[in-house]
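Here is a short briefing for a reader who is new to this structure. Please look it over first, then follow the points below.

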Amino acid sequence: MKVIVVEDQKLLLDSLVDTLEQEDDMEVVARLYDAAKVDDACATYQPDLVLMDVCTENGSSGIRATERLQKSFPHIKVVLMTGMADISFVQQAKEAGASSFIYKNISTKELLYVLRSTASDYSTFPQEQTMPVLGYNKLTEREIDVLRSVCSGLTRKEIAEELQVSENTIKASISSILTKTGFPSISRLAIYALSSGFIVTEDS
């Protein structure tokens with residue numbers, strides 16, 4: 001199995017490559033720091049699988065790279081990984097067309113199992129993360145989009161324009177979010193979500 005590894009932390013990248021290279025059925029054909037370069041690497045090396053971090057060098061998104069790969073190289077399996085607890089990464093990975101998703105705290109044995117099973121057309125996705133706060137009930141995808149936009153610094157009007165809904169709809173979504181999470185204001189929740197890693201913005 002030919003594998004491309006995309007990870008912007010050199011120590012972890014080296015460790016992953018060393019681990020995979022020790023396996024008789026795996027060959028690392030390229031190692032990258034930036035997900036923006038994975039398209040060219042796939043065209044050159046034609047891997048069977050790409051193991052890619054969600055957030056890579058230069059702010060490049062592994063999730064967006066996965067969307068591109070699924071259009072250009074639909075036969076290549078993509079396993080996304082992250083060390084962050086962003087509450088929407090798993091769902092975003094599924095929508096982008098990733099074959100599997102893992103957190104970086106798994107064991108080497110689990111990693112190898114996921115890679116091999118993914119190559120054999122089996123998908124592995126962990127349970128989606130939630131925010132462990134008082135009064136928490138699962139936020140809808142729209143509410144997560146609204147919270148992410150607030151965390152990115154957008155105003156209510158800008159969020160409404162981006163999501164193509166009315167400001168009253170955004171106001172209602174924010175009210176629902178606060179009811180579910182128990183926070184007194186959306187700004188306090190945004191600070192908590194960002195500092196805890198439950199929301200990761202492109203500027204984070």
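How do the residues of the lining of the second largest pocket divide into nonpolar, polar and charged? They divide into seven nonpolar, four polar and one charged. The model is predicted. The points below start with that pocket, then turn to the cores and to one helix.

**The second largest pocket**

- The volume of the second largest pocket is about 190 Å³.
- Its lining is made up of L12, S15, L16, T19, M81, I102, Y103, K104, I106, S107, T108 and L111.
- Two or more lining residues come from each of α1 (10-21), β5 and α5 (108-119).
- The most comes from α1, which gives four residues to the lining of the second largest pocket.

**T19, a residue of the pocket lining**

- T19 sits in helix α1, and T19 is also among the residues that line the second largest pocket.
- T19 counts as buried because its relative accessibility is 17%, and buried means under 20%.
- Not counting residues up to four places away in sequence, T19 touches T108 and L112.
- One of these partners, T108, lines the second largest pocket as well.

**The largest nonpolar core**

- In soluble globular proteins, nonpolar side chains tend to be buried together.
- The largest nonpolar core has 27 residues.
- I4, V38, V50, M52 and L80 touch the most other members of this core.
- At least two residues of this core come from each of β1 (2-6), β2 (27-32), α2 (38-45), β3 (49-53), α3 (62-72), β4 (77-82), α4 (89-96) and β5 (100-103).
- Helix α4 gives the most to this core, with four residues.
- I4 touches V29, A30, L32, V38, A41, C42, P47, L49, V50 and L51, with residues up to four places away in sequence not counted.
- A second, separate core has 19 residues, including V146, L147, I159 and A193.

**L80 and I63**

- L80 is found in strand β4, and L80 counts as buried because its relative accessibility is 0%.
- Leaving aside neighbours within four places in sequence, L80 is in contact with M52, D53, V54, G62, I63, T66, A93, A98, S100, F101 and I102.
- L80 and T124 are 44 residues apart in sequence, and their C-alpha atoms are 10 Å apart in space.
- I63 belongs to helix α3, and I63 is buried, with a relative accessible area of 6%.
- With neighbours within four places in sequence left aside, the contacts of I63 are V54, L80, F89, Q92 and A96.
- I63 and F89 are 26 residues apart in sequence but 8.4 Å apart in space, C-alpha to C-alpha.

**Helix α9**

- Helix α9 covers residues 186-196, and I186, L189, A190 and A193 are buried there.
- These four lie on the same side of α9 because they cover an arc of only 105 degrees around the axis.
- R188, I191 and S195 are exposed on the other side of α9.
- The cover over the buried residues of α9 includes α6 (141-151) and α8 (167-181).
- One of the buried residues of α9, A193, is also among the members of the second core.
- After α9 comes G197, and the phi of G197 is positive, near 85 degrees.

How values were computed: Residues are numbered from 1 along each chain as its sequence is written. This is a predicted model: local features need pLDDT of at least 70, side-chain atom pairs count only at pLDDT 80 or more; totals for chains, interfaces and linings use all residues. Side-chain values use heavy atoms; hydrogens and water are left out. Buried means under 20% relative accessible area, exposed over 50%, partly exposed in between (1.4 Å probe, protein chains only). The arc is that of the directions from the helix axis to the C-beta atoms. Contact means heavy atoms within 4.5 Å. A nonpolar core is a set of buried Ala, Val, Leu, Ile, Met, Phe, Trp, Tyr and Cys residues joined through side-chain atoms within 4.5 Å. On a 1 Å grid over the protein atoms alone, a cavity is a set of points where a 1.4 Å probe fits but cannot get out, and a pocket is an open set with protein on both sides within 12 Å along at least five of seven lines; lining residues have an atom within 4 Å of a point. Grid points are joined across faces, edges and corners, and a volume is the space filled by probe spheres set on the points. Ala, Val, Leu, Ile, Met, Phe, Trp, Tyr, Cys and Pro count as nonpolar, Asp, Glu, Lys and Arg as charged, and the others, Gly among them, as polar.
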